[in-house]
Amino acid sequence: MKFKQILAASATILILHVTGNWKVDTAKAKVNFTVHGPFGTVHGSFTGLETTIKFNEKDLSSSSIAASIDAKTVSTGVSLRNSDLRNKEEWFNTGKYPRISFKSKKIEKTDKGFKAIGDLTIKGITKPVEIPFTFTNKANSGVFAGQFIIKRSDYNLGKPGGSVGSDITIILTVPVNNS
């Protein structure tokens, strides 16, 4: 009887690992960004990441990532700046553009891990991006971690030129569990 239980549990774990369906731990997921501002580097974050992740290191052709976040969760630690980022047309205008989203077209292996190639949409503007990432697998859980840079002007964020840097670095740490 015990042998059958162990065999059933092992089969379940194997099936979960092979299918590669991952559920994000939303409370622990981190979507951070940095951009150079007039008084130094501005650090900020978004919360409430929603994802559908199908990832199997041995079958990248069937792997995919779709993610979105509520733009009005942007936080920089300065309430006036947060209000401007959320409400002004030149920034996120979250009343008109409530979500920021990414959808992969393919995932490839790289020398340092993987990269998701897909489309990032901010303020209704969709541009192709490549997101290099690593995946640390611990049986039924894991962590996706990545970092990439976007051009502020590609998404009509802020005024051209000015004292805000043109590059925004996005840093992702996404803990997951098999679902």
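## Burial of T76

A residue counts as buried when its relative accessible area is under 20%. In this predicted model, T76 has a relative accessible area of 12%, and it is therefore buried. T76 belongs to the loop that runs between β5 (64–70) and α2 (79–87).

## Surroundings of T76

Two polar partners of the T76 side chain can be named. One is the side chain of N82, with which T76 makes a polar contact at 2.7 Å. The other is the backbone nitrogen of V78, which the T76 side chain reaches at 3.5 Å.

Leaving out residues up to four places away in sequence, T76 touches F33, V42, H43, G44, R81, N82 and L85. For G44, the separation from T76 is 32 residues in sequence, while the C-alpha to C-alpha distance is 4.2 Å.

## The largest nonpolar core

The largest nonpolar core comprises 42 residues. Within this core, the members that touch the most others are F55, L120, F144 and I150.

L120 has contacts with residues beyond its neighbours within four places in sequence. Among them are I100, S101 and F102, as well as I125, T126, K127 and V129. L120 is also in contact with F148, I150 and Y155.

Methods
Residues numbered from 1 in each chain as written. Predicted model: local features only at pLDDT ≥ 70, side-chain atom pairs only at ≥ 80, totals over all residues. Heavy atoms only, no water. Core = buried A, V, L, I, M, F, W, Y, C linked by side-chain atoms within 4.5 Å. Buried < 20%, exposed > 50% of the residue type's maximum accessible area, 1.4 Å probe, protein only. Contact = heavy atoms within 4.5 Å. Helix = DSSP H or I, 4+ residues; strand = E, 2+ residues; numbered from the N terminus. Polar contact = N/O pair within 3.5 Å; in protein donor to acceptor, adjacent residues only side chain to side chain.
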